Amino acid sequence: AKPDAQRRAVIFFVDDYHLAPDSLVRTRKALLDYIERRIGEKDLVAITSPSGQIGFLQQFTADKAALRSAVARLNYRTQTKLDMEKPPMSEYIALKIREGDEQAMVYYVQELQKQNCFRAGGQMICSVTPQSARQLVKNRAQQITVESAPATDDTLRLLEGLMRTAAQLPGRKLVFVISDGFYLNDRKTGALDRIKKVTDAAGRAGVVIY
């Protein structure tokens with residue numbers, strides 16, 4: 001039992017749903033550096049992602065070649081549907097508008113009216129009324145928020161499952177969550193409840209999360 005107690009399990013959870021292309025490049029470089037220089041003699045390492053693109057290589061191993069192959073499978077995961085309207089609206093701004101942020105709403109309404117107004121005969125003619133513009137902005141924010149919610153839920157659900165898997169391993173357990181981040185204060189998605197489940201599972205499993 002003593003050798004097992006000294007063993008260390010290191011898990012890299014690469015959130016490929018929320019990593020920009022340049023962030024993913026830096027992540028791959030850091031992982032390869034860890035594989036070549038920093039793996040301990042008794043370490044077991046797993047490289048995982050919520051999208052599942054790593055496939056069968058998503059397992060604990062001390063084989064550096066297998067770990068390098070897992071890193072090679074990490075590629076940028078673009079959203080299935082991109083918001084192409086202008087000005088750009090991020091997931092954060094969409095959530096703020098849905099929660100009633102008037103300053104953000106006014107900005108997007110004004111920009112929308114600029115795009116749909118023209119001057120004729122000395123008069124400004126707009127094809128979209130302020131009321132219609134507000135509704136269009138609300139609809140856009142709602143669509144962006146709804147489309148981004150499944151990726152966040154999948155990320156947290158799989159992270160919770162990872163904690164339960166780690167509970168079965170002996171020795172020290174470390175999990176590194178690598179992500180550009182996502183928003184958790186949307187009450188409608190239940191993300192905060194999911195985070196609590198993740199931390200509770202980590203506590204029971206004795207996992208330290210970075």
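Four strands make up an open sheet here, lined up in the order β2-β1-β5-β6, with parallel pairing. Keep in mind that this is a predicted model. Around that sheet, the things to look for are helix α2, which lies across β1, β2 and β5, helix α3, whose buried residues pack against α2 and β2, and an aromatic cluster of Phe-12, Tyr-34, Phe-176 and Tyr-210.

- Take β5 and β6 as a pair: they run in the parallel sense and are joined over three bridges.

**The helices**

- Helix α2 runs at about 165 degrees to β1, and it lies across β1, β2 and β5.
- Helix α3 covers residues 64-72, and its buried residues are Leu-67, Ala-70 and Val-71.
- Look down the axis of α3 and those buried residues fall within an arc of 100 degrees, so they line one face of the helix.
- What do the buried residues of α3 pack against? Their partners are α2 (21-37) and β2 (43-48).
- At the start of α3, Asp-63 has a side-chain oxygen that comes to within 2.9 Å of the backbone nitrogen of Ala-65.

**The aromatic residues**

- The model has four aromatic pairs by the ring-centre rule.
- One of them joins Phe-12 and Tyr-34 in an edge-to-face arrangement, 5.0 Å centre to centre with 70 degrees between the planes.
- Phe-12 sits in strand β1 (residues 8-14) and Tyr-34 in helix α2, so this pair ties together parts that are 22 residues apart in sequence.
- Are Phe-12 and Tyr-34 buried or exposed? Both are buried.
- Phe-176 and Tyr-210 form a stacked pair, 5.0 Å centre to centre and with 15 degrees between the planes.
- Phe-176 counts as partly exposed because its relative accessibility is 27%, whereas Tyr-210 counts as exposed because its value is 54%.
- Put together, Phe-12, Tyr-34, Phe-176 and Tyr-210 form one aromatic cluster.

Note on methods
Residues numbered from 1 in each chain as written. Predicted model: local features only at pLDDT ≥ 70, side-chain atom pairs only at ≥ 80, totals over all residues. Heavy atoms only, no water. Buried < 20%, exposed > 50% of the residue type's maximum accessible area, 1.4 Å probe, protein only. Helix = DSSP H or I, 4+ residues; strand = E, 2+ residues; numbered from the N terminus. Arc of directions from axis to C-beta. Contact = heavy atoms within 4.5 Å. Polar contact = N/O pair within 3.5 Å; in protein donor to acceptor, adjacent residues only side chain to side chain. Phe/Tyr/Trp six-rings, centres within 6.5 Å; stacked < 30°, edge-to-face > 60°. Pairing = 2+ DSSP bridges. Axes fitted to C-alpha atoms, helices over the stretch in contact; angles between N-to-C directions.
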